[in-house]
Amino acid sequence: MDFGTIIDAAFSAALGPQAIVFALAAIGLNVHFGYTGLLNFGQAGFMSIAAFGLAVTVVTWDMPFWLGIVVGMIAAVVLALVLGIPTLRLRADYLAIVTIATSEILRLIFGAVEFKDTFGGSNGLNGFAGTYQRLNPYGDGVDLGIVSFSRNDLWSITVGWTLVAISSLLVFALMRSPWGRVLKSIREDEDAVRSLGKNVFAYKMQALVLGGVFGGIAGIFHILKQGSAVPTDFNTTFTFYAYAALLIGGAARVLGPVVGSMIFWFLIAGIGSFFSQATSGADPLLPEWLMTNTQASLIRFILLGLGLMLLMIFRPQGIFGDRREIAIDGR
Amino acid sequence: MAVELSEARAALANVSNEPGAAKPDPIVKGSNITRTFGGLKAVDVEHIEIQRGVITALIGPNGAGKTTLFNLLTGFDEPDEGDWAFNGKSLAKVPAYKVARRGMVRTFQLTKVLSKLTVIENMRLGATGQRGEKFFSAAFKSLWSSQEDANTVRADDLLARFKLDAKREDFAGSLSGGQRKLLEMARALMVDPELIMLDEPMAGVNPALKQSLLGHVKSLRDEGRTVLFVEHDMDMVRDISDWVIVMAQGQIVAEGTPQSVMADQRVIDAYLGAHHDTDITEIDVADLEAEADAELDAEAEENKS
């Protein structure tokens, strides 16, 4: 058993690009669900439409990289408007149904054989990250003992954590303002807010767009850090992992999604590495009849699910949440 | 202000007691408002006028359509047909938030406090025209902090007036039922409405708090606002209202001063019941009625003088 490898895997994942993608996506969900109470189950849709906005612009249409970024962000905004206009006047559940359906529709369109010329079919698109990679100032990767990153990852985490920091700052600035107060009030009781002369629909739309833009940034960052845009990456699991990260950290807290995402990936990678080692080699720690090497990679998800259940029972407010706020719930 | 008030009240003296009677200075004027739920005609109001500057009570049995009429007037529900105007401007098809901005603010039968916000945050939300509520200026505190401070001063004054200042930093969800009613009323005042509509302000409030709530409602009128409230508590209706509108089965069946309405046979039949003024443990009904009438007359005399 090599604990160094386990710790390296856990910390590298917690600080690495994958955690950043989920942190950004969860920041968006925090605006939607945590602050405004909008049930967006299709964050993966916002991610995929922005990602393919960039990839299609650069690869298919052969346009500049920065124009692709703009197209990607605009696509996320447009998606928010298209989803919001019919559903935000209705009860919260409708948004949930429509968003999850839309994210699946988008994923299937991007992976469809019929649109192979545009979206690249199930293999997706690549060759759009050249500009991003050329901006990399680092000469080599780093190995700090407990964490190690390749040259590309080092560049990605520099860009990624900067984006997370800017996004968190923006959320902090917005949520302490009267604007943020209106969002939180809408989460509590829409009609009360309406009776005080606030245009609830407009605020929900603004929140949906803002959170969708964070989702778009997450999607673009996701395809840049790996250099390819693959439709199957953007399945519903993506959204639910982001929700898991948000709930672990604590909804309606600025740093909740960020810390939640780090913990999520720390545990996923750490537990995965532990069980993979415990079941490999000539004389494994866990005997073959108990767990085989192929089962080991799945056990982390079982444990994660168990962990989430325990969290919801014993600390429903997440790491950062305020117990008092939760205690009042259900009236 | 006092002169205006007595004028407004005096003006009502000449208003007929027929349903839908015209008022000398109506702030709300509506006609032919109907709303059906399935086969049921929940509201079918031929004509309604609310006098400016006085307290008008809307009473009637359960299911008479009082709350539905409230919802229709404030834009929370859409009527099948009908038109109504606030300060002479039509409110048909105007969304609820715009109705509130024009100065017609309501509270709810089941109080709607924002549980997970503190009391003072609940209050601040009520302020209108906040620069910090616009998305593009929200992120820059310097653009809205001075306005926020001014709103906070106003909110603190109102909290002190409603004796909620000790609860300033508590979550609104931790307040008692009566305190929630107070908070909702205070929050509505942050909007600075001309007409404040209270949906059962006394429901679930203990007798001691009821007294102070009565005082608060009167003080709203005394500072020049118009009050319209729905209530089942006849003591309250008798005590503070200047005019009473009675609804039954969606229609206005009678209106008038509290004294005249409570003596009106139609109202007694539809809502109050013959012995509404007597203690049910008493047996000698006739005696009590005579007593009550005498009392009412005395009160009427008092009000005249």
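Predicted model: local features only at pLDDT ≥ 70, side-chain atom pairs only at ≥ 80, totals over all residues.
The interface involves 32 residues of chain A and 36 residues of chain B. Together the two chains bury about 3100 Å², and carbon and sulfur atoms account for 64% of this area. Four salt bridges are counted between chain A and chain B. In one salt bridge, A:Arg181 faces B:Glu121, with 3.1 Å between the closest N and O atoms. On the chain A side, two or more residues each come from α8 (151–175), α9 (178–188), α10 (190–195), α11 (200–226) and α15 (323–327). Helix α9(A) gives the most, with eight residues. By class, this side of chain A has 14 charged, twelve nonpolar and six polar residues.

Chain B contains an open sheet of six strands. The strand order is β6-β7-β8-β3-β9-β10, and the pairing is mixed. Strands β6 (104–106) and β10 (251–256) of chain B form the edges, each pairing on one side only. From one strand to the next, the twist averages 20°. Strands β3 (residues 55–59) and β8 (residues 226–230) of chain B run parallel and are joined by four bridges. B:Thr56 has B:Leu228 of β8(B) as its bridge partner.

Two helices of chain B are placed against these strands. Helix α2 (residues 66–73) lies across β3, β6, β7 (195–199), β8 and β9 (243–248) of chain B. Its direction is at about 145° to β7(B). Helix α11 (residues 265–272) of chain B packs on the sheet and touches β3, β9 and β10 of chain B. The directions of α11(B) and β10(B) make an angle of about 125°.

Key: Residues numbered from 1 in each chain as written. Chains lettered and ligands numbered in written order. Heavy atoms only, no water. Contact = heavy atoms within 4.5 Å. Buried area = accessible area lost by both parts, 1.4 Å probe. Salt bridge = Lys/Arg side-chain N within 4 Å of Asp/Glu carboxyl O. Nonpolar A, V, L, I, M, F, W, Y, C, P; charged D, E, K, R; others polar. Pairing = 2+ DSSP bridges. Axes fitted to C-alpha atoms, helices over the stretch in contact; angles between N-to-C directions.
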